[in-house]
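Keep the structure open beside you as you read.

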Amino acid sequence: MRRIISILLLGIIALGITLSLAKIPFGTPKTKVGRYYIDKGVEETGATNIVTSVVVNYRAFDTLGEVTVLFIAAIGLGAVLTTGRRKKPERKIEPASLVLYTGCRFLFPLILLFGAYIFVHGHLTPGGGFQGGAIVASAFVLTYLGCRERRISERGSKLAESLGGLIFVIVGLVGLAVGGYFLMNFLPKGIPNFLFSAGIIPILYIVIGVKVGSELAGIIDNLIEESE
Amino acid sequence: MSFLNHYIYYIGAFGLIFIGLYIVLVKHNLIKVIIGLSIMETGVNLFLISIGYIKGGTAPIFSTPEIEAARMVDPVPQALVLTAIVIGVAVLALALSLAIRLYQHYGTLNLRKIKEQRW
């Protein structure tokens, strides 16, 4: 009965969506603002990756809000999992085999390096702080799966997270003091397609990368601690 | 055939959204409901990206001089989805942690049984 009703409901919704979407052609330019960003983006921000210039220059305030949502989700997860957790007797963790242990110790710095490359070059190539942060967090997943006796220090990850948020806001406030609006691009824009270009965009993306990486690593740490 | 050519991305995106919605409406297991929410989120991301697509368009990156601005896809939906994916992962983890707490409290993940129980 429940199934039939839900299928009927979905059918009605699908009909409505089809009728409205049939009027929207696929594959044609739709927004004028996107066209503006493509035409003026390199000249105004110095970043050759237009997506990056939208995320951390035109809509940087929005990104600050999104980073805050991520922070709140991580805090909420920690709060939900740590309240009422009893001290369990230390369980003996079975060590991983030598091949696994050596392999993950070998790969860990390389994955961190790759993540750092992704978020440092966010204004030049596909990638950026969010993607690089996710890659950095995947290195920590590898250590938790491969070398199980190793733990990231909780204070270190909290410190990196808080410093990341703090630097983001400070850079924004310096822009407010220098140029009159929050998160203004006050540094010289340089020559496009060089590493040291695009003003505050690389700084903000490095900060976002560190913050996202430490937050996701903290989430994984909380979940793994719960499962033991 | 031209219909499919024109709307295949919309069909795929809304297919994912409807699969997710169906799971959320019908299933009783909380883990399955969370999986359904995750599938719905993937569909929404795909829909946003496909709205910004332009026929024969390239990625909006001026990496080489011969790339022309006129053929680039819309960067705004990509910028939105970029952050939405990472936030989706964090929210998924939050939902799973709540599921862990519920299981410890009630001893079951079946939503019907949880509703019947009064502590």
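Three residues stand out on the chain A side: Arg2(A), Leu10(A) and Phe26(A) supply 17% of the area that chain A buries against chain B, more than any other three residues. Please bear in mind that this is a predicted model.

How many residues does each chain bring to the contact? Chain A brings 57 residues, while chain B brings 47 residues. As for polar links, six residue pairs are in polar contact across the interface of chain A and chain B, and the count of salt bridges between these two chains is zero.

Now look at the side of chain A that touches chain B. Helix 1 (2-21), helix 2 (32-45), helix 3 (50-58), helix 4 (60-82), helix 6 (129-146) and helix 8 (201-227) of chain A each supply at least two of its residues. Sorted by class, this side has 34 nonpolar, 13 polar and ten charged residues.

Finally, turn to the surface. There, Leu159(A), Leu163(A), Leu166(A), Ile167(A), Ile170(A), Val174(A), Val178(A) and Ile203(A) form a nonpolar patch, together having about 680 Å² of accessible area. Helix 7 (residues 154-179) of chain A gives the most to this patch, with seven residues; Leu166(A) lies in that helix.

Terms used:
Residues numbered from 1 in each chain as written. Chains lettered and ligands numbered in written order. Predicted model: local features only at pLDDT ≥ 70, side-chain atom pairs only at ≥ 80, totals over all residues. Heavy atoms only, no water. Contact = heavy atoms within 4.5 Å. Buried area = accessible area lost by both parts, 1.4 Å probe. Salt bridge = Lys/Arg side-chain N within 4 Å of Asp/Glu carboxyl O. Polar contact = N/O pair within 3.5 Å; in protein donor to acceptor, adjacent residues only side chain to side chain. Helix = DSSP H or I, 4+ residues; strand = E, 2+ residues; numbered from the N terminus. Nonpolar A, V, L, I, M, F, W, Y, C, P; charged D, E, K, R; others polar. Patch = residues over 30% accessible without salt bridge, like charges linked within 9 Å, V, L, I, M, F, W, Y side chains within 5 Å. Areas by Shrake-Rupley, 256 points an atom, 1.4 Å probe, with all protein chains shown as cover.
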